[in-house]
Amino acid sequence: MKNDLRWTSGIAAVLLLPGLCQAASTGGIIVDVAPVRQSLTRSDDVVVTVTIRNTSNTTRYLLKWQTPFAGVQAPLFDVTRDGLPVSYLGIQARRPPPTPADFVALAPGMARSSRVELSALYRMNITGAYSVRYRADRLQVYGRPDAARPQGAAVTPLVAAVWIDGLMPRGMPESAYTPVPAPQPSGGSLTFSHCSNAQQARVTATVARHVEAIRDAFAPRPLTVDCACTRSWTTYVYPDQPYTIYVCKAFWTVGNAAPHAYFGENDPHRDFQPGR
C-alpha cells in the first residue's frame, strides 16, 4: 500500500529498538516480531516480520486466523502511541466453529514467518513513541487439530519500541484527523447490498426473530447488510463502518444461531461491539 495517505503519509522515521519481541507460551510457542527496516521515509510502509516457533518436543497446532499466515483478519497486535491505544482499522470476522483444515501445524523446532504491514492496519501517522506487541490472548495452542479446547495461550510478549516522526504533531488525538462520517438518519432501518431476494428474506427473518435481543445494538442507526462476501466466514465488519455487516458463506448454513453470533454483541471471535 505504497503512498496510501490514510495510513503512512508523513512518516519520516521508525526505530524498532534492537532485539526481538519474544515470549514463550505454555505450549512451547515463541513469537518474534522484528522490523524489516529500522529507518523509514514518509512514503514507506511500517512492516514487521512475525515469526512463530515451536520450541516443544511435540507438534503444536494453531488456528490460522490467530496468526498472520493468511493475512491479518483480527486485531492481532496491541499498538499504543505515547501510552494511548492506536485504532485497529482492518476487518474483524466472525467464523463458524473451526475444523481441522483451519489449523496450521508446527512440528518440533519448526518456525514459520510472515510479513505484516502495520501501517495498513493501524493509525500510525501521528508523531510519537509507539509500542507494538503480539496479543497473547490471540494465539491459542492446541495439541491436536480436533481438540475441543486449547492447551494454553502465549504469554505476554515483550514490547517492541517504535518512534514515528509522522504527518501529525505529537499529542494530536486521532479524532483530529479521522474523517467525520456523513449524517445518518436515526432509527433501525434495514437495507441491503448485493443480496438476492431469498437472501434478503433470510436476513429479515433472522432480525425479526431476534428483534428484542439486537434492538439496543442497532436501533440508533440504519443497518446495511452486504451479501457479496464469498469467504468461509459467517460475517465481518470494519471498525470505521460499524453499521455495515458483510455476510459470508457460513451465515447461510449455521441455522438459527443466537442473533449476536451474526450481529456483533458479546462475540468471543472478535472485539467489535456496535455503538461502542
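These entries note what I looked up in the strands and surface of one protein chain.

**Overall content.** I began with the whole chain, bearing in mind that the model is predicted. I found three helices and 18 strands in its secondary structure.

**Around strand 4.** I next followed strand 4, residues 47-54, which pairs with strand 3, residues 29-35, in the antiparallel sense through seven bridges; within this pairing I recorded Val33 with Val50 as its bridge partner in strand 4. Strand 4 also pairs with strand 10, residues 111-117, again antiparallel and over seven bridges, and here I found Val48 opposite Val116 of strand 10.

I traced an open sheet of five strands, whose order is 8-17-18-16-15 and whose pairing is mixed. At its edges I noted strand 8 (92-94) and strand 15 (190-193), each of which pairs on one side only. From one strand to the next, the twist averages 25°.

**Strands 17 and 18.** Within that order I looked at strand 17, residues 235-238, and strand 18, residues 241-247, which run antiparallel and are joined by three bridges. Which residue of strand 18 stands opposite Tyr236? I found that Tyr246 takes that place, so that a tyrosine faces a tyrosine across the pair.

Methods: Residues are numbered from 1 along each chain as its sequence is written. This is a predicted model: local features need pLDDT of at least 70, side-chain atom pairs count only at pLDDT 80 or more; totals for chains, interfaces and linings use all residues. Side-chain values use heavy atoms; hydrogens and water are left out. Two strands pair if DSSP finds at least two bridges between them. Helices (H or I, at least four residues) and strands (E, at least two) are DSSP runs, numbered from the N terminus. Axes are lines fitted to C-alpha atoms, for helices over the stretch in contact, and angles run from 0 to 180 degrees between N-to-C directions.
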